[in-house]
Amino acid sequence: MTTLQPGGARWEARHRAREAALRALYLITVGQVPRDAALDLVSPAASDDDGLALDPEARALADRLTTGTWDAREDLDALIAPHCVNWRIERLAVLDHLVLRLAVHEWLTEKATPPKVVLSEALELARVYSGDAAVRFVNGVLDAVYHRLRREGRIID
């Protein structure tokens, strides 16, 4: 059995929160599940095998990420679209698009999280939910968005 290093449990909880937010955003986008119900479906209060168990802090993060990403989707797309070379944003794979939105939203709103952590988490979500080709695409787009936001002073390392 692996033991978590100090902070490891917090990292794992935040990872699960991002994953829950991605799943909820997918349900909202594809399944047309109401936003308020989507997170309950992926992280039910009584966790089962299909749900992601979240402690109250992680649940709050998942809710902020889900709600904020969904509410800001047009503004996020305006930041992402110019960097999707040879792709129209509406033609992106749904999960890749959601991972991009989620990461950019987290950069803009969760200032205590280092940008490199957000990028690493986005790449891991892309790898798990979309595949290796998606990782390269997501990495390239997020790198370009990151540099733009940093130049504009909207992200500070």
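## Model and confidence

The protein averages a pLDDT of 89, and 90% of the residues score at least 70. Here pLDDT is the predictor's confidence in each residue, from 0 to 100. Residues 1–6 have a pLDDT below 50. Beyond near neighbours in sequence, this stretch has one contact in the model; a contact means heavy atoms within 4.5 Å. Where pLDDT is low, the predicted coordinates should not be read in detail.

This is a predicted model, in which local features need pLDDT of at least 70, side-chain atom pairs count only at pLDDT 80 or more, and totals for chains, interfaces and linings use all residues. Residues are numbered from 1 along each chain as its sequence is written, and side-chain values use heavy atoms, with hydrogens and water left out.

## Fold

The protein has seven helices and zero strands. Its pattern along the sequence is α-α-α-α-α-α-α. Both element types are DSSP runs numbered from the N terminus: helices are H or I with at least four residues, strands are E with at least two.

Among contacts with a separation of 6 or more, 69% join residues 24 or more positions apart.

## Burial and surface

The protein has 157 residues, and 44% count as buried (under 20% relative accessible area, 1.4 Å probe, protein chains only). The protein exposes about 8800 Å², an area from the Shrake-Rupley method with a 1.4 Å probe. Carbon and sulfur atoms supply 53% of that area.

## Largest pocket

The largest pocket has a volume of about 170 Å³. On a 1 Å grid over the protein atoms alone, a pocket is an open set of points with protein on both sides within 12 Å along at least five of seven lines; lining residues have an atom within 4 Å of a point. A volume is the space filled by probe spheres set on the points.

Eleven residues line the largest pocket. Arg-10, Arg-14, Arg-18, Thr-113 and Pro-114 lie nearest its centre. Helix 1 (residues 8–29) gives the largest share of the lining, four residues. By class, the pocket lining has four nonpolar, two polar and five charged residues.

## Cavity

The structure holds one cavity of 30 Å³ or more. In a cavity, a 1.4 Å probe fits but cannot get out. The largest cavity has a volume of about 40 Å³.

Its lining consists of Arg-18, Val-99, Leu-102, Ala-103, Glu-106, Val-118, Glu-121, Ala-122 and Leu-125. Helix 5 (94–109) and helix 6 (115–129) each supply at least two of the lining residues. By class, the cavity lining has six nonpolar, no polar and three charged residues.

Note on methods:
Buried means under 20% relative accessible area, exposed over 50%, partly exposed in between (1.4 Å probe, protein chains only). Ala, Val, Leu, Ile, Met, Phe, Trp, Tyr, Cys and Pro count as nonpolar, Asp, Glu, Lys and Arg as charged, and the others, Gly among them, as polar.
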